[in-house]
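Hello,

Here is the structure for you to take over.

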Amino acid sequence: MKFLITGNMGYVGPAVVRHLRSRFPDAVIDGYDTGIFAHCLTHRAGLPERRLDRQIFGDVRQLRREQVAGYDAVILLAAVSNDPMGARFSDVTHAINTDAAVDVARMAAEAGVRNVVFASSCSVYGVADGGPRREEDPLNPQTAYAASKIAAERALARIGGDAIVTSLRFATACGMSDRLRLDLVLNDFVASALTRRQITVLSDGTPWRPLIDVADMARAIEWAATRDADDGGRVLVVNAGIDSANYQVRDLAQAVAKVVPGCQVSINEAAPVDSRSYRVDFGLFAALAPQHLPQMTLADSIGELVTGLRDIGFSDGNFRESPMMRLQVLKSLIAEGHLAEDLTWVHQGLLAQAAPATPARVEEAVR
C-alpha cells in the first residue's frame with residue numbers, strides 16, 4: 001500500500017499517520033503539507049513525521065498530477081479547519097477546502113489512484129431540530145467552513161473514472177494530538193479546567209454536538225482508504241462517528257469537571273440560541289464499517305487530554321491567545337510578514353529547498 005496524506009502536519013494528521021503505520025508497517029506513507037502549523041507541537045517524543053517515508057513541503061493548491069500518481073490512496077486533510085478561520089479567510093477557505101481538494105481528487109482519479117478520502121464535517125447540518133440527521137437529510141450550513149465542505153462533497157460526487165471516493169462527515173473532533181488544538185469544544189473545556197478550575201459555557205448548554213476522538217477518526221480513514229466499491233458504492237458520503245457520542249454541551253462540561261478536582265461550571269442561561277446544534281445518525285457508518293467504529297469513550301478522551309496536557313507542563317490560562325488556537329497562528333504569521341493574506345508563504349525559498357524531505361530533514365527544517 002502507498003498512502004499520500006495532504007495536510008498531515010495539523011491536528012488530525014499525526015493520529016492518522018500513527019494509525020496507518022501501526023496497521024500497515026510496510027506501507028509507503030508520505031505527507032504533503034505547507035508547514036504552517038509544523039511548530040505547534042504538544043508532546044515530547046520527537047516529530048510525528050518520523051513515522052513517514054517522506055515529508056513533502058508544498059501548498060495543496062499547487063499540487064501536480066505527477067505528485068499523486070502511483071499511490072493507492074490519497075487522503076485529503078488539508079483545510080482551513082474551523083469556523084473562526086473560515087470567517088476570517090472565507091475566500092481562502094473555499095479555495096483550499098473546496099477547489100484544491102476537488103482538483104487533487106480529480107488528478108488522483110485520472111492518475112489511477114484507487115481510493116480518495118475527503119475529510120468532511122457534520123457541521124453541514126448547522127441548526128437541525130428534530131431527530132438525529134442522516135446523510136440524505138437537508139443541509140443547513142451556518143458558516144463558510146461548512147459551506148466549503150458541502151461544495152466539495154458535491155463536486156467530488158461528479159468525478160468520473162474508477163476511483164472510490166469517500167466523504168467522511170466527521171463528528172466534532174476531540175482528543176489529544178501531537179499538534180493539539182484547543183479551539184474545539186471538549187479540548188477547550190479540559191484546558192480551562194486545568195488552568196482556571198472554571199469552565200464557562202457561553203451558550204445555555206443545550207446545543208447538541210456529536211464527538212469523535214482523533215484516534216477514531218484515523219480508524220475511519222483507514223476504512224475509507226481501503227474499502228471496495230461494493231462496500232457503500234463508488235462514491236459515498238457517510239456520517240463518521242457513533243450514535244452514543246451525541247452530547248449536549250452542558251454534559252461535556254460536567255463530564256470534564258468531574259475529572260478535574262475543584263473545577264466549577266458556569267452556564268450562560270440567558271445566551272441567545274446557538275447557531276450550531278445538531279444530533280447525527282451514524283447508523284450507515286455502523287453498517288458499512290463495523291470493524292472500524294469509534295472505540296474511545298468520552299472518559300477516554302478527557303483522560304488522555306488531561307494526561308497529555310499535564311505531561312507537557314501546560315499551565316497557560318490565556319491559551320485562547322496561544323498557538324494552540326489555529327487562528328492565532330495565522331494572524332501572528334501574517335502580522336510578522338511570513339504569510340500573505342491568501343495563506344501562502346511570503347518567502348518560499350526554504351519551502352522549495354525542503355521538498356521532498358526525509359523525516360530527518362523535516363526535523364532540521366522545523367528546528
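Buried means under 20% relative accessible area, exposed over 50%, and partly exposed in between (1.4 Å probe, protein chains only). The model is predicted, so local features need pLDDT of at least 70 and side-chain atom pairs count only at pLDDT 80 or more, while totals for chains, interfaces and linings use all residues. Residues are numbered from 1 along each chain as its sequence is written, and side-chain values use heavy atoms, with hydrogens and water left out.

The structure holds 16 salt bridges, each being a side-chain nitrogen of Lys or Arg within 4 Å of a carboxyl oxygen of Asp or Glu. Helices (H or I, at least four residues) and strands (E, at least two) are DSSP runs, numbered from the N terminus.

One of the salt bridges joins aspartate 178 and arginine 18, at 2.9 Å from N to O. Aspartate 178 sits in the loop between β7 (172–174) and α6 (185–196) and arginine 18 in helix α1 (residues 13–23), so the pair ties together parts 160 residues apart in sequence. Aspartate 178 is buried at 9% relative accessible area, whereas arginine 18 is partly exposed at 34%.

Arginine 23 and glutamate 222 form a salt bridge at 3.1 Å, N to O. Arginine 23 belongs to helix α1 and glutamate 222 to helix α7 (residues 214–226), so this pair links parts 199 residues apart in sequence. Arginine 23 is partly exposed at 43%; glutamate 222 is buried at 3%.

Within helix α4 (residues 90–110), arginine 106 and aspartate 103 are 3 residues apart, about one helical turn. Their closest N and O atoms are 3.5 Å apart in a salt bridge. Aspartate 103 is partly exposed at 40%.

Regards
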